[in-house]
Amino acid sequence: MRKRRPNYRLVKIHRSYTVGEAARLLGTHKNTVRAWVKAGLPTCDSTRPTLILGRDLAAYLQARRTKNKRRCQPGEIYCVRCRAPKRPAGDMAEYQATSASLGNLIGICPNCEGMIYRRANRAKLPEIRGNLDITFSEAERHVSESDPPSVNSDFRQG
Ligand SMILES: [Zn+2]
């Protein structure tokens, strides 16, 4: 999948843009622009439709580019919606094992409230977790285990 990076150089800093205009200008979807607004892109709240100052838009896109280069630190999970590493809300994450040694750390993004995932090697959890509270989900493990159902046989043996 090719990732498109909106080019902040297209933005005229002395103009202001509606969400639709900004999306057209940068070749992204309106929802992408709305997500930026939710994630901290400033708008002029008093106007309707919402206007984004070109100056703010350019600065936001520029800042985002450099932020994207940052890798996840311990205790952080990358949010695909915000396109940035985030500390999960409440510093809480759930570890869902997909195999004996691998799994996903799952948390909630504090900015967009979406689910955020980070692949994690169970053995490396102590390095990855930072100071997150991690709960271990048992549900996934049962699914991946190949034990035959033993409910009935247990009863007969008793
Ligand atoms: Zn997010």
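Colleague: Is Y95 buried or exposed?
Modeller: Y95 counts as buried, at 1% relative accessibility. Buried means under 20% relative accessible area, exposed over 50%, partly exposed in between (1.4 Å probe, protein chains only). This is a predicted model: local features need pLDDT of at least 70, side-chain atom pairs count only at pLDDT 80 or more, and totals for chains, interfaces and linings use all residues. Residues are numbered from 1 along each chain as its sequence is written, and side-chain values use heavy atoms, with hydrogens and water left out.

Colleague: Which aromatic pair is Y95 in?
Modeller: Y95 forms a tilted pair with F136, 5.6 Å centre to centre and 55° between the planes. Rings of Phe, Tyr and Trp (its six-membered ring) pair if their centres lie within 6.5 Å; planes under 30 degrees apart count as stacked, over 60 as edge-to-face and the rest as tilted.

Colleague: And F136, what is its relative accessible area?
Modeller: F136 has 37%, so it is partly exposed.

Colleague: New topic. Which residues hold the zinc ion?
Modeller: Its protein donors are C79 (SG), C82 (SG), C109 (SG) and C112 (SG), 2.2 to 2.4 Å away. Donors are N, O and S atoms within 2.8 Å of the metal (3.2 Å for Na, K and Ca); water is not among the atoms, so sites may look incomplete.

Colleague: How are the donor residues spaced in sequence?
Modeller: The spacing is C-x2-C-x26-C-x2-C.

Colleague: What about burial of C79 and C109?
Modeller: C79 is buried at 0% relative accessible area. C109 is buried too, at 1%.
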